[in-house]
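Please look over the sequence and the structure shown below before reading on.

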Amino acid sequence: MRIKALANYWEKQAKATLTTEEYSFRLPVEDAAKITALAEMYPKRTKNEILGELISSALEELETSMPYIQGKQVLEHDEMGDPIFEDVGPTPRFLDLSNKYRLLIKQEQRAANS
């Protein structure tokens, strides 16, 4: 979800699946004030929910802004017959590692719930 869409999302009260692990960190005063302001503006959202959703949106934007670096291998051809080359930039590694840890976290959660 794009950061621009968060306010609309907050209005709808959507919920995501959460990990059992909690993250704790300190914020600069200016950022803490902004989080508190958002919590007041959107009283259906807690500060933790706002922070989690902001982090999720920022990670999504980071993923889409990673540079594409064209490799040598042709993966397929588009509808015009032009080659589509592999991406040898950071995106494939990020996606592979993200998937690896997503699966690991899900396994840990299933084991904890058993």
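Predicted model: local features only at pLDDT ≥ 70, side-chain atom pairs only at ≥ 80, totals over all residues.

## A buried charged pair

Arg45 and Glu53 are both buried. Side chains of opposite charge can pair when their charged atoms come close. When the whole structure is searched, 1 salt bridge is found.

Glu53 belongs to helix α3, and its relative accessibility is 11%, which is why Glu53 counts as buried, since the term applies under 20%. Glu53 can also be compared with a residue from another part of the chain: Tyr9 is 44 residues away from Glu53 along the chain, while the C-alpha atoms of the two are separated by 9.4 Å.

## The largest pocket

The largest pocket holds about 1,600 Å³ of space. The elements that each give two or more residues to its lining are α1 (6-12), α3 (47-65) and α4 (90-113). Of these, helix α3, where Glu53 lies, provides the largest share of the lining, with 11 residues.

In total, 37 residues line the largest pocket, and those nearest its centre are Thr17, Leu18, Thr19, Gly52 and Ser56.

## A nonpolar patch on the surface

Which residues form a nonpolar patch on the surface? They are Tyr23, Phe25, Leu27, Ile55, Leu59 and Leu62, and together these residues have about 570 Å² of accessible area.

One of the residues in this patch, Tyr23, is found in the loop between α1 and α2 (29-41). Is Tyr23 buried or exposed? Because its relative accessibility is 57%, and exposed means over 50%, Tyr23 counts as exposed.

## A residue in helix α4

Thr91 has its place in helix α4, which is among the elements that give two or more residues to the lining of the largest pocket. With a relative accessible area of 14%, Thr91 falls under the 20% limit and is therefore buried.

How far apart in space are Thr91 and Lys106, taken from C-alpha to C-alpha? The separation is 22 Å in space, for two residues that are 15 residues apart in sequence.

Notes:
Residues numbered from 1 in each chain as written. Heavy atoms only, no water. 1 Å grid on protein atoms, 1.4 Å probe; cavity = no way out; pocket = protein on both sides within 12 Å on 5 of 7 lines; lining within 4 Å. Points joined across faces, edges and corners; volume = space filled by probe spheres on them. Helix = DSSP H or I, 4+ residues; strand = E, 2+ residues; numbered from the N terminus. Patch = residues over 30% accessible without salt bridge, like charges linked within 9 Å, V, L, I, M, F, W, Y side chains within 5 Å. Areas by Shrake-Rupley, 256 points an atom, 1.4 Å probe, with all protein chains shown as cover. Salt bridge = Lys/Arg side-chain N within 4 Å of Asp/Glu carboxyl O. Buried < 20%, exposed > 50% of the residue type's maximum accessible area, 1.4 Å probe, protein only.
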